[in-house]
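Here are a few friendly notes to read alongside the model. Take them one at a time, and keep the 3D view open as you go.

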Amino acid sequence: MAEPILEVRNLVKHFPLTRGILFKRQIGAVKAVDDISFTLNRGETLGIVGESGCGKSTVAKLLMNLEQPTSGQIIYKGEDISRLSGSALKAVRRNIQMVFQDPYTSLNPRMTVGDIIGEPFEIHPDAAPKGDRRRRVRELLDVVGLNPEYINRYPHQFSGGQRQRIGIARGLALNPEIIICDEPVSALDVSVQAQVINLMEKLQDEFNLSYMFIAHDLSIVRHISDRVGVMYLGKMAEIGTDEEIYDHPTHPYTQALLSAVPQPDPSVRDTRERILLTGDVPSPANPPSGCRFRTRCWKAQDKCAEEVPLLAVPQRFRGTGSRAAHESACHFAEERDVVHS
Ligand SMILES: Nc1ncnc2c1ncn2[C@@H]1O[C@H](COP(=O)(O)OP(=O)(O)O)[C@@H](O)[C@H]1O
Ligand code: SF4
Ligand SMILES: [Mg+2]
């Protein structure tokens, strides 16, 4: 049975848009995250996909308490952690760590690898006694597949893949339960991506980690995720198991995204239906009324402009036992065979 470890409820983050230098006045808001709810279960990987600017990193920052939500809740073990501060926040932080996209800029170039990986112990001294920290850092290097003898080297002496391993080692230092990964392999060469993904899967089993895995590459997300959420312009469009989302998508946006995934098998490419989206992604400062996808949706009708579609199992699929019976925020959700696997 799935045990929720993190529950996000109606999470909203609006960044104020201001005008004026001395006398700032708010003239609007960027609705980066606009009423999103989902659950992360213990030991699972929840993938989050969506085009650039749809709010993925903002969700990650809210979960990490690096941004304060405009409204909504983040429930961790029964407690709303979204507005904690001081020692209560510090205690929670220990259990929720983050791995960032760019291993080139997220590691301080003037610190040795040993100091980088051991840095969390400075903030949480009780996690490893002072005399034991070097040993623990060596152990972490070994866990992520790096030579423990490299402890005194600097980030520039490592390749991109190795640097991301250093980032992962630092993320593991405090024995967290949850790791939020924001595009952890997007900056890496394709050949190196697989190695880092394999390492992350191995570590997940070994330490019973729960991952939130953010990426714009749908193939990578399918490979690593148990469940997948698709975001569009600050909203969750569709969420379900990897099989439900990839083989039985019911939201037009998901169908369009999937139809654009490069298909390695040429015989498949020939028969596949390709959905071309027209128009640009609207500004999150001025999103369309009703369904946010309606300005690009080939199925849009009057109702789509009037009513915000709720993320729920569509009525027509309820109780059918079909894989299409998963949550989709579309008034006219239906299956469309876009990917022949
Ligand atoms: N600190 C900020 N102030 C104002 N707008 C922001 C800020 N951070 C992000 N945004 C805006 O919020 C939207 C979502 O951004 P982001 O979460 O980074 O998307 P993603 O990670 O999916 O590419 C974008 O329009 C972005 O410009
Ligand atoms: S609600 Fe309407 S506009 Fe939105 S995805 Fe469904 S059909 Fe398209
Ligand atoms: Mg981002």
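**Notes on the model**

1. Let's start with proline 287 and its contacts. Setting aside neighbours within four places in sequence, proline 287 is in contact with Lys31, Leu233, Gly234, Pro282 and Arg292. Please keep in mind that this is a predicted model.

2. Where does proline 287 lie? You will find proline 287 in the loop that runs between helix H10 (266-271) and helix H11 (302-306).

3. Is proline 287 buried or exposed? Proline 287 counts as buried, because 20 C-beta neighbours lie inside 10 Å, and a residue is buried if that number is 20 or more.

4. Now try a distance across the chain. Glutamate 122 is 165 residues from proline 287 along the chain, and 44 Å separates the C-alpha atoms of the two.

5. Stepping back to the whole protein chain, you can look for 11 helices and 11 strands. The C-alpha atoms fill a box of roughly 65 × 60 × 40 Å along the principal axes. For 341 residues, a compact globule would have a radius of gyration near 20 Å, so the 21 Å of the protein chain agrees with that.

6. Of the 341 residues in the protein chain, 39% count as buried. Among contacts between residues at least 6 apart in sequence, 65% join residues at least 24 apart.

7. Finally, have a look at ligand 2. Which residues come nearest to ligand 2? Of the 13 residues around it, these are Cys291, Arg294, Cys297, Cys304 and Cys330. The shell around ligand 2 divides into 9 nonpolar, 2 polar and 2 charged residues.

Terms used: Residues are numbered from 1 along each chain as its sequence is written. Chains are lettered from A and ligands numbered from 1 in the order in which they are written. This is a predicted model: local features need pLDDT of at least 70, side-chain atom pairs count only at pLDDT 80 or more; totals for chains, interfaces and linings use all residues. Helices (H or I, at least four residues) and strands (E, at least two) are DSSP runs, numbered from the N terminus. The radius of gyration is taken over C-alpha atoms; the globule rule is 2.2 Å times the number of residues to the power 0.38. A residue is buried if 20 or more other C-beta atoms lie within 10 Å of its own, exposed if 12 or fewer, and partly exposed in between; C-beta atoms are placed from the backbone. Two residues are in contact if their C-beta atoms, placed from the backbone, lie within 7 Å. A residue is near a molecule or strand if its C-beta atom, placed from the backbone, lies within 6 Å of it. Ala, Val, Leu, Ile, Met, Phe, Trp, Tyr, Cys and Pro count as nonpolar, Asp, Glu, Lys and Arg as charged, and the others, Gly among them, as polar.
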